[in-house]
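Me: I'm new to this one and would like a close look at a single part of it. Here is what I have open.

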2 protein chains.
Amino acid sequence: MPVTIRQVSEAAGVSVATVSRALNDSDHPVNAETKQRILDIAEKLGYHPNHIARSLRADRSPIIGIICDDITSPFTTMIVRGIQDRLKADGYFCVVINTDWDPIDEQRAIKDMAGYLIEGIIFAETFHQFASDELNVNDKKCVFVHRLFPKGFPHSVIPDELYGGRLAVNHLIQLGHRRIGYINGSEDYYSSEERLLGYKTILKENGIAFDPALVEYGHFEVEQGYVAANKLLELPEPPTAIFAANDLMALGTIYAAQDKGLHLSDDLAIVGYDNQRIATISRPTLTTVTLPCFEMGQASAELLLALLNNEATDSQEIKIKGELLIRESCGAKTKDTVSAPKKPSRADRFNLLNAQNDTKG
Amino acid sequence: MPVTIRQVSEAAGVSVATVSRALNDSDHPVNAETKQRILDIAEKLGYHPNHIARSLRADRSPIIGIICDDITSPFTTMIVRGIQDRLKADGYFCVVINTDWDPIDEQRAIKDMAGYLIEGIIFAETFHQFASDELNVNDKKCVFVHRLFPKGFPHSVIPDELYGGRLAVNHLIQLGHRRIGYINGSEDYYSSEERLLGYKTILKENGIAFDPALVEYGHFEVEQGYVAANKLLELPEPPTAIFAANDLMALGTIYAAQDKGLHLSDDLAIVGYDNQRIATISRPTLTTVTLPCFEMGQASAELLLALLNNEATDSQEIKIKGELLIRESCGAKTKDTVSAPKKPSRADRFNLLNAQNDTKG
DNA sequence: ATGAAAGCGCTAACAA
DNA sequence: TTGTTAGCGCTTTCAT
């Protein structure tokens, strides 16, 4: 049976109110000695506050809900981690619910969370926009990170796609390329439009004419990158560099170039996007623009905290910039290659020492 | 302001007790008509139960804690998803806490969770074993999935490593290979020992003598697979097939073979382990043994639920079997290659229809 | 079949 | 500076 505030009060010979005040650094004055004694006794008795009782009293609980379609998506995972890290610093728990793209599920999740007096909800990479009614009813504070933005919910965090497109293409231009192909993402995506805009503007700023023939589209899979790259490489005047809208299509581009007997990165330079694991282990390793998911998660948590404190009540759309990671695929100087031995992680080192019963595989 | 049971009772002209009974399908008899009326009114008023109040009363909350080192590790993510899915079916929320390999953090996490009247904790891939005191103090029910097993906590779920090793090597033997190299994981890991045992037993069962020269070790990185594969391929009598303890080292093996001008999979067959994303996009795609993380997560949730119902009180170590996925790297027949176009996921299809404001990238 | 009321652990308004 | 007490929303015992 857990120790309660009452038991502490009896042990200390004071009232529960005094104990509560001492334990919570209340504004209400408490004698310093008494306070210390209470703290000691609480410690000795192994007292833990009952958050449930506290929440019932306060009509709010230190839990934030994260609703996503599937935490298993690598981007979502990183966003969730960013949120958790930021909120942990403020003492919040995170409840994560997957909806598997089912708006009905999402509605139920919102209801359930409301029943738990959850203070706010972050929607992370959930690509549908039907659950708004439920949200309005329960008028929770909420933030949307990297997803569709329903009307009337003005607090969101997204990556700066235009900037990312500029970063990638600028790098190729700086390396001397003038004829640069672009394998864009699906045609009507926000990200695709923005990155294409970045591609166009940076070309223009460098006095390079935009050639529509150099733009292909794919839906973010290796094979589609392969097909698109083949089209580009078979143009009468093929590009000397290709920017792909994600690392998987960049890998498809590598395969296409290999099949044509091109030498990477002399005959063809490639820049990817996302900085997924594949970018660090492909041959050549991929120069790529990061999709700053962790930072986006942190920013969304930060924004939610501001909302909970009734700051930042006006509409806010925060854009997070990614960065360019230079690896081998453009031939630029780099130290980050597959043949460089990796420094073992903290976990690895621990495992090496304590692996007797270990099941890591 | 959320609707309470009191408001429903007033609207229905009955006592709160009756409402509570009606709402909870209580054993206590309630007039059928009255019950229906209460249900209707609750529905109309938009009543949601306040879980916090309910938990305070019941002295337990429908929340399960998941403690892991880092949810960002792909295996951990899948385990967590498996847990969530299984527990969702029973109406539990999951709170996920990352400890970043810090045992102090883990202890604090356990304390915090206890304060939330959490019913049980699942430790998923946390590779240290210091937090046991805290656990004992709070005597929560707990299950360990794919991690170190502290003494005295007998409920665990792990992959069947021996079986996995047998699966991989058996496949190679069936394809006619007699000289099979093995790039094992770090030497003192449980998984390494078990898989090596699988390798040895299946060889023996097929009348193939064990040759220690065919076994190398690496710490699960591409580069270490590359180095180990080179050693094996430079033996006086090199293997015709190599089994690598994870997909990354299998990729290193592909690179080593390529650098030696070997043709995959005619000159060298390769089997990996884990079925990570890379296995589906490498060239050749990797035949691999799955690490059944999702299923392990489900099983651990199942086990915890049994514990909470006071079933399964005796010691239990559940082993989950992976399966062999046949792709290109052994030359066995397969339909699963990189050039096969992928069927768009449900999410993808949705996005194609609703991508106006989409930020996917 | 229904209701009244106690009480889960805590905080805060009010009293002393 | 400390104590007393009401009450958060709910379930359940006891009474009717």
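At what angle do helix α10 and helix α11 of chain B pack, and how far apart are their axes? Please take me through that part slowly, and then show me what else is worth a look.

Reply: Happy to. Keep in mind that this is a predicted model.

Let's start with your two helices. In chain B, α10 covers residues 222-233 and α11 covers residues 247-259. They pack at an angle of about 50 degrees, and their axes are 7 Å apart. Angles under 35 degrees would count as roughly parallel and those from 65 to 115 as roughly perpendicular, so α10(B) and α11(B) are oblique to each other. As for handedness, α10(B) passes α11(B) in a right-handed crossing.

Who does the touching? On the α10(B) side, the contact is made by B:Val222, B:Glu223, B:Gln224, B:Gly225, B:Tyr226, B:Ala228, B:Ala229, B:Asn230 and B:Leu233. Facing them from α11(B) are B:Leu248, B:Met249, B:Ala250, B:Leu251, B:Gly252, B:Thr253, B:Tyr255, B:Ala256 and B:Ala257. Sorted by class, the residues of this contact come out as 12 nonpolar, 5 polar and 1 charged.

Now hop over to chain A and look at α10(A) and α11(A). Here too the helices pack at an angle of about 50 degrees, with axes 7 Å apart. That makes α10(A) and α11(A) oblique to each other, and their crossing is right-handed. The α10(A) residues in the contact include A:Val222, A:Tyr226 and A:Leu233, while those of α11(A) include A:Leu248, A:Met249 and A:Tyr255. By class, this contact has 12 nonpolar, 5 polar and 1 charged residues.

A residue needs 20 or more other C-beta atoms within 10 Å to be called buried, and A:His219 has 20, so it is buried. If you'd like a sense of distance, take A:Ile63, which is 156 residues away along the chain: the two C-alpha atoms are separated by 37 Å.

The peptide bond from A:Leu264 to A:Ser265 is cis, with omega near 5 degrees. A:Ser265 has its place in the loop between α11 and β9 (269-274).

Chain B has a cis bond to show you as well, this one joining B:Arg283 and B:Pro284, with omega about -5 degrees. Look for B:Pro284 in the loop between α12 (278-281) and β10 (287-290). While you're in that stretch of chain B, check B:Asn275, in the loop between β9 (269-274) and α12. Its phi is near 55 degrees, a positive value in a residue other than glycine. B:Asn275 has 23 other C-beta atoms within 10 Å, so it is buried.

You'll find B:Asp59 in the loop between α4 (51-58) and β1 (61-68). With 11 C-beta neighbours inside 10 Å, B:Asp59 counts as exposed.

A:Gln7, A:Val8, A:Ala11 and A:Ala12 of α1(A) meet A:Arg37, A:Ile38, A:Ile41, A:Ala42 and A:Leu45 of α3(A). The classes here are 7 nonpolar, 1 polar and 1 charged.

Chain A has 14 helices and 12 strands, and 51% of its 361 residues count as buried. In soluble globular proteins, nonpolar side chains tend to be buried together. The largest nonpolar core in this model holds 176 residues, and A:Ile122 and B:Ile122 touch the most other members. Sequence neighbours within four places aside, B:Ile122 is in contact with B:Ile64, B:Ile66, B:Ile83, B:Cys142, B:Val143, B:Val145, B:Ser300, B:Ala301 and B:Leu304.

Key: Residues are numbered from 1 along each chain as its sequence is written. Chains are lettered from A and ligands numbered from 1 in the order in which they are written. This is a predicted model: local features need pLDDT of at least 70, side-chain atom pairs count only at pLDDT 80 or more; totals for chains, interfaces and linings use all residues. A nonpolar core is a set of buried Ala, Val, Leu, Ile, Met, Phe, Trp, Tyr and Cys residues joined through C-beta atoms within 7 Å. A residue is buried if 20 or more other C-beta atoms lie within 10 Å of its own, exposed if 12 or fewer, and partly exposed in between; C-beta atoms are placed from the backbone. Two residues are in contact if their C-beta atoms, placed from the backbone, lie within 7 Å. Axes are lines fitted to C-alpha atoms, for helices over the stretch in contact, and angles run from 0 to 180 degrees between N-to-C directions. Helices (H or I, at least four residues) and strands (E, at least two) are DSSP runs, numbered from the N terminus. Angles under 35 degrees count as roughly parallel, over 145 as roughly antiparallel, 65 to 115 as roughly perpendicular and the rest as oblique. A crossing is left-handed if the near helix is turned anticlockwise from the far one by less than a right angle, and right-handed if clockwise. Ala, Val, Leu, Ile, Met, Phe, Trp, Tyr, Cys and Pro count as nonpolar, Asp, Glu, Lys and Arg as charged, and the others, Gly among them, as polar.
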